[in-house]
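This briefing covers selected local features of one protein model. The sequence and structure come first, followed by notes grouped by topic.

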Amino acid sequence: MSPLELFRRNQKVTMTFLILLAMIAFVVLPTVSQYMQSAGSAGSDPVLAEFNGVSLSASRVNTFTQNHYQTVQFLRKLAAETLKRGGTPKIFTVDPTTNQIQSVGINEMPSDEMSIRTMQFAAEAQDEGFALDDTSLSAWLEEFTDGTMSDREIITMLRRESNNRMGQYQLFDMLRKQLLSTLYARGSSVSVARGRFPLQSPLDHWKNFLKLNQKATINAYGVMVNDFIEQTDANPSETEIVAVYEAGKNRYPSEQSPEPGFRRRDTATFEYLLADLQSFRDAEVAKLSEDEIRAEYEKRKLGGAFQLPPDMKIEPESTETESTEAPAAASDETSAAPEAAPAAAEEMKTEPAKTDEPAGESTEEPAAPAPATSIENFSEELEAAGDLNAPTPAKQDQSQSAPENDGVRLVALQSDVATEAAETPAGETPAAETPAAEAEQQPAETTATDEAAATKTPEPRFRPFEEVRDQIAQTMVEEDARTALDQAVSKARTIMKQYSRARALYDADTSKAEPERPDLKSLATELGLSYRKIGPHDPVSLTAAGEPIVSSFEEGTALSQRGVPFTAMMFGVEGQVVKQEPFAPAVSVDLETQQTYLSWKIQEKLAYTPELDEVRDEVILAIRTAKARELAKQAAEAMAEKANSSGSIDDLIPDDRKDNYFKDLGPFSWLNMVGFGSVTIGNVEKLDSVDNDFMKAVFNAENGKYIVAENGPKRVYYIVKRTSLLPATSDLRAIFSQPTERMMARFMSDGSAGEIQEGFYNSVDEKTGFQRYQLAE
């Protein structure tokens, strides 16, 4: 009997079996798998949080986080398919310029903390009477796809995108909790916002306007808390030590917070290869011959490159030399014959002026010759003549430069006459006519020469080859240098990826031979890269160390885009960025320095809560610092009181603390606008980490009165005297009356929304008996 005949005879039984198998594979198994993951034993599955008597184990929270991530990815695919089929976005949103999906209608930052809050808020919403059945969720999906896909198509796509890890039950469960949680969380913002904008009164708008536009100038003296630590007890009681440790053991330390923290952050040690584009350019330039560079220079010259703008007309150097040397020579000769010079000058005075005008045609009486007692008089007469004889503006410009030349020539002329007078024997008449005629003809010749030079097109001038040689060579090899850099990085990355895959297999089965780790230092030498090993560092110490790789960003998908910073890429950001795994190569770039980094983590230590003995010295320092703050505050208040009594603080400042006294700081505003509706604390140069409380004390103080204002971390207590507050309130009120001027103040939050939301969270935690636990180390 053939197999086909056998199938036909048992067709119903076979189809029933296949349908049952499909139901088990796609419906039952995912549910059972999820239950088994969330039902681990208490010893191996610690509890992360509790609320309303419900315990959230680590496996349950982790499963929820994974399903949240899968749901977000699925909804993005679903949105793209909806657009592809011609649907209109109704629940999800699209960037109109890039056509990329912006949001999908639910929270898009999966994390364990977000999972715990979502389950807590969804449970509270159900207790308040809110509910979403499967029919409502199907309607939500239908609206999401704009009716372009059936329920069967949606679920089929879900199974394909999640590799059968999620079915309709898991999807609806996630959507139900996400939508209910979002609905319940809106209760924290209904009283502080209208849509996307803060809900504030006109008085709040006026206060915001003042914070943005009123500016203060101050004098400030800082009383340092560290100066008082030695005055505190170095051996606090054990009870106090334990109390401070318990309060801060799960808190990360921060330089910008006065609260002590002792929890240790993730630390890692890194290796990285640096590809410097300039180094690759230099290597390619070394391959060029001098003839190739010069040929490129000539080629670019023909295209108009390196051409200099036409320069202004410059007199030859020989003219200046003659005009400066002639008076000196005349002076020497005149000193040799002191009596000849007056005689020659006298003949110049009495020499009649020659004219080409025919007799009887002049309509004016001849002017008496002015006594030429100085060179300045001759210059003035020639300048006047030049103005009268200038028929066109172009000629006028030429004539205006003639008096300077003529003045120089007159100096040389007078020196020559004096020389001739000294050399002429007694009884002979000096030939003064020839210099006079030359003096008359010279301006005409000069004018003709200047006109010809003005009409002649100057020859193009270029920057010398030696000056632009390096520039040409660098641009000639730009493309080759980038190609060589990409090839070097790609080769190193391939080698590192191969090891990363081999190590992953080894970690899964340690019975296999451990793969040999590549020697990045030798690889860097081979490929023309630089090698460096840094760490161990946590995110804070890595930034503080000033490592150049910190300025790099993950490779973007386009030239105008870039990814997350290196620190976030390696250590992750809760709910936003997944941290890089050990020995997983990552490429980051610094666009400003044109440097490319290929890095990986070779060692990693996860965050943990240290035991008291490990951080005992830090705890004691925190206790002493808290007591030192009290002493510093008392000292600052006492000094401010004395300064107000005497009218000045200058004489109260110790000589060894003069550097802590700053005068005329500002003007600065309370807040600075950094974007639409976004503000930061005003910048007060030279002062350490001022915050909102500092600004409040300064701007509410009286001019000329000394007050005490602490900085944000409470490590400095400033004695502040406000010297001015401008503009005046009356002037600002007039400006505020204009709607356009107060627009930014209307959209600015005063910070109360965050406080209200924090209070809302605290009230929910208190109502539900919420407890959050840290994993045991």
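K686 is exposed, with a relative accessible area of 61%. Its phi is positive, at about 80°, although K686 is not a glycine. The model is predicted, and the points below are computed from it.

**Backbone: positive phi**
- K686 sits in the loop between β17 (678–681) and α23 (692–699).
- Because its relative accessible area of 61% is over the 50% cut-off, K686 is classed as exposed.
- F306 is another residue other than glycine with a positive phi, in this case near 65°.
- The loop that holds F306 runs between α11 (290–302) and β9 (307–308).
- F306 has a relative accessibility of 12%, so it counts as buried, the cut-off for that class being under 20%.

**Backbone: cis peptide bonds**
- The bond from G535 to P536 is cis, and its omega is near 5°.
- P536 belongs to strand β11, which spans residues 530–537.
- A cis peptide bond also leads from G666 to P667, with omega near 5°.
- P667 is part of strand β15, residues 661–669.

- Helix α18, covering residues 478–508, contains V489.
- V489 is buried, because its relative accessible area is 11% and the class requires under 20%.
- Which residues does V489 contact, leaving aside its neighbours within four places in sequence? They are A275, T596 and L598.

- T609 is placed in the loop between β14 (595–605) and α22 (612–646).
- With a relative accessible area of 17%, T609 is buried, so its value falls under the 20% limit.
- The T609 side chain makes a polar contact of 3.0 Å with the side chain of N250.
- The side chains of T609 and R263 are joined by a polar contact of 2.6 Å.

**Nonpolar surface patch**
- Four residues, M15, F17, L18 and L21, make up a nonpolar patch on the surface.
- Together these residues have about 390 Å² of accessible area.
- Where is M15 located? M15 lies in helix α2, residues 11–37.
- M15 has 40% relative accessibility, so it counts as partly exposed; that class lies between the 20% and 50% cut-offs.

**Three-stranded sheet**
- An open sheet is formed by 3 strands in the order β2-β1-β20, with antiparallel pairing.
- Strands β2 (54–57) and β20 (771–772) stand at the edges; each has a single partner strand, so one side of each is left without a neighbour in the sheet.
- Strand β1, residues 47–51, runs antiparallel to β2 and is joined to it by 4 bridges.
- Which residue of β2 is the bridge partner of E50? The partner is S55.

Key:
Residues are numbered from 1 along each chain as its sequence is written. This is a predicted model: local features need pLDDT of at least 70, side-chain atom pairs count only at pLDDT 80 or more; totals for chains, interfaces and linings use all residues. Side-chain values use heavy atoms; hydrogens and water are left out. Helices (H or I, at least four residues) and strands (E, at least two) are DSSP runs, numbered from the N terminus. Buried means under 20% relative accessible area, exposed over 50%, partly exposed in between (1.4 Å probe, protein chains only). Contact means heavy atoms within 4.5 Å. A polar contact is a pair of N or O atoms within 3.5 Å; within protein, one must be able to donate a hydrogen and the other to accept it, and residues adjacent in sequence count only if both atoms are side-chain atoms. Patches are made of residues with over 30% relative accessible area and no salt bridge: like charges are joined within 9 Å, nonpolar side chains (Val, Leu, Ile, Met, Phe, Trp, Tyr) within 5 Å. Accessible areas come from the Shrake-Rupley method with a 1.4 Å probe; for residues, only the protein chains shown count as cover. A salt bridge is a side-chain nitrogen of Lys or Arg within 4 Å of a carboxyl oxygen of Asp or Glu. Two strands pair if DSSP finds at least two bridges between them.
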